[in-house]
Amino acid sequence: MKEPAIKAMIQLLDDSDSEVVQLVEQQIRTLGPSIIPVLESEWEQLSLNPFLQEKIENLIHDFQLESMRNRLAIWKEAGGMDLMEGMWIVATYRFPEYSFSQLKTELDQLYYEVWPQIRENLHPMDQIKVLNGVIFDQLKFGANTKNFHAANNSYINVVLESKKGNPISLCVIYMWIAQRLGFPVYGVNLPNLFVLTYKQKGVQFYINVFNKGLIFNRVDIDNYLAQLNLAPNEIYYNPCSNLEIIRRVLRNLIMAYDKAGDEEHKNELSQIIDSLD
């Protein structure tokens with residue numbers, strides 16, 4: 001459908017006949033997310049009609065949500081190989097204009113700040129200690145303890161900008177840098193806490209990124225699980241998949257919006273996470 005016809009339909013959303021409005025809205029929705037630029041253009045020109053502006057805002061939101069859900073489904077079906085692509089897709093739920101190329105540029109800049117300071121031929125634990133010094137002491141990444149449950153702690157673009165996040169968002173950034181450096185560092189899905197493991201033949205230890213990269217071992221996980229009255233399970237000691245990480249990010253967002261009393265966002269994200277199961 002050509003742009004003038006779409007604009008004419010948008011004007012009919014303010015018709016006095018509710019049946020006409022319903023039919024027109026249904027027709028607009030069949031056009032899909034590709035008409036978002038037209039909707040945005042019309043929104044800017046309708047400053048004197050807040051009712052119609054709200055109608056357009058709802059359509060844009062629904063189209064953006066559809067795009068995000070479709071991208072996430074495609075990412076999952078392709079094997080979820082690129083974790084940062086998954087994190088970007090999640091971020092577009094709140095920041096639809098944020099591009100994947102922008103995220104990759106920001107990550108590359110971060111890597112180029114880190115890699116000159118990494119030394120080779122060190123013991124794995126010493127390599128991680130050096131990496132900790134760069135990420136936490138020099139670049140000032142750290143835990144957002146003041147607003148731990150804030151939704152922004154789960155959006156990768158906000159965390160990269162503020163350098164504050166929750167355990168899983170900080171782990172994702174740390175893990176991406178470590179893997180880019182060639183370190184065998186992976187995510188581990190502990191109950192109530194997301195951590196990392198350095199794992200290769202004959203060497204495995206764990207990293208608590210939320211606590212400035214504190215290094216710990218399997219016995220510490222045993223003790224942690226005992227405090228929670230949970231039986232040991234191999235999933236608490238070994239790397240998890242990218243899909244599991246994205247699911248956990250979405251669960252964190254659902255909890256954040258629930259605590260904020262935002263039922264709309266909570267329900268939308270609950271539907272999205274259900275589609276990944």
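Q: Which residue in E5 does Tyr-198 stand opposite, and what makes E4 and E5 a pair of strands?
A: In this predicted model, Tyr-198 stands opposite Phe-205 in E5. Strands count as paired if there are at least two bridges between them. Strand E4 (residues 193–200) and strand E5 (residues 203–208) have five bridges, in the antiparallel sense, so they meet that rule. Another facing couple is Lys-199 and Gln-204, the latter in E5.

Q: What lies between the strands in the hairpin of E4 and E5?
A: Two residues separate the strands there, and Gly-202 in this hairpin takes a positive phi near 80 degrees.

Q: How do you know that E5 and E6 pair?
A: Three bridges join E5 to E6, and the rule asks for at least two, so the two strands pair. They run antiparallel. Tyr-206 has Phe-216, in E6, as its bridge partner. The hairpin of E5 and E6 has five residues between the strands, and Lys-212 in its turn shows a positive phi of about 55 degrees.

Q: Why are E3 and E6 called edge strands?
A: The sheet is open, with four strands in the order E3-E4-E5-E6 and antiparallel pairing. Strand E3 (185–190) and strand E6 (214–216) each pair on one side only, and are the edge strands. From one strand to the next, the twist averages 35 degrees.

Q: Which helix packs on the sheet, and which strands does the helix touch?
A: Helix H9 (residues 167–180) packs on the sheet and touches E3, E4 and E5. A touch here means heavy atoms within 4.5 Å. The direction of H9 makes about 20 degrees with that of E4.

Q: What makes Asn-217 a cap of helix H10?
A: A side-chain oxygen of Asn-217 lies 3.1 Å from the backbone nitrogen of Val-219. The cut-off for a polar contact is 3.5 Å, so this pair falls within the limit. Just after H10, Asn-229 takes a positive phi of about 60 degrees.

Q: How many residues line the largest pocket, and which are the closest to its centre?
A: The largest pocket has a volume of about 320 Å³. Its lining has 16 residues, and Phe-148, Asn-192, Arg-248, Asn-252 and Met-255 are the closest to its centre. A residue counts as lining if an atom lies within 4 Å of a pocket point.

Q: Which elements supply the lining of the largest pocket?
A: H9, E4 and helix H11 (242–259) each supply at least two residues. H11 gives the largest share, five residues.

Methods. Residues are numbered from 1 along each chain as its sequence is written. This is a predicted model: local features need pLDDT of at least 70, side-chain atom pairs count only at pLDDT 80 or more; totals for chains, interfaces and linings use all residues. Side-chain values use heavy atoms; hydrogens and water are left out. Axes are lines fitted to C-alpha atoms, for helices over the stretch in contact, and angles run from 0 to 180 degrees between N-to-C directions. A polar contact is a pair of N or O atoms within 3.5 Å; within protein, one must be able to donate a hydrogen and the other to accept it, and residues adjacent in sequence count only if both atoms are side-chain atoms. On a 1 Å grid over the protein atoms alone, a cavity is a set of points where a 1.4 Å probe fits but cannot get out, and a pocket is an open set with protein on both sides within 12 Å along at least five of seven lines; lining residues have an atom within 4 Å of a point. Grid points are joined across faces, edges and corners, and a volume is the space filled by probe spheres set on the points.
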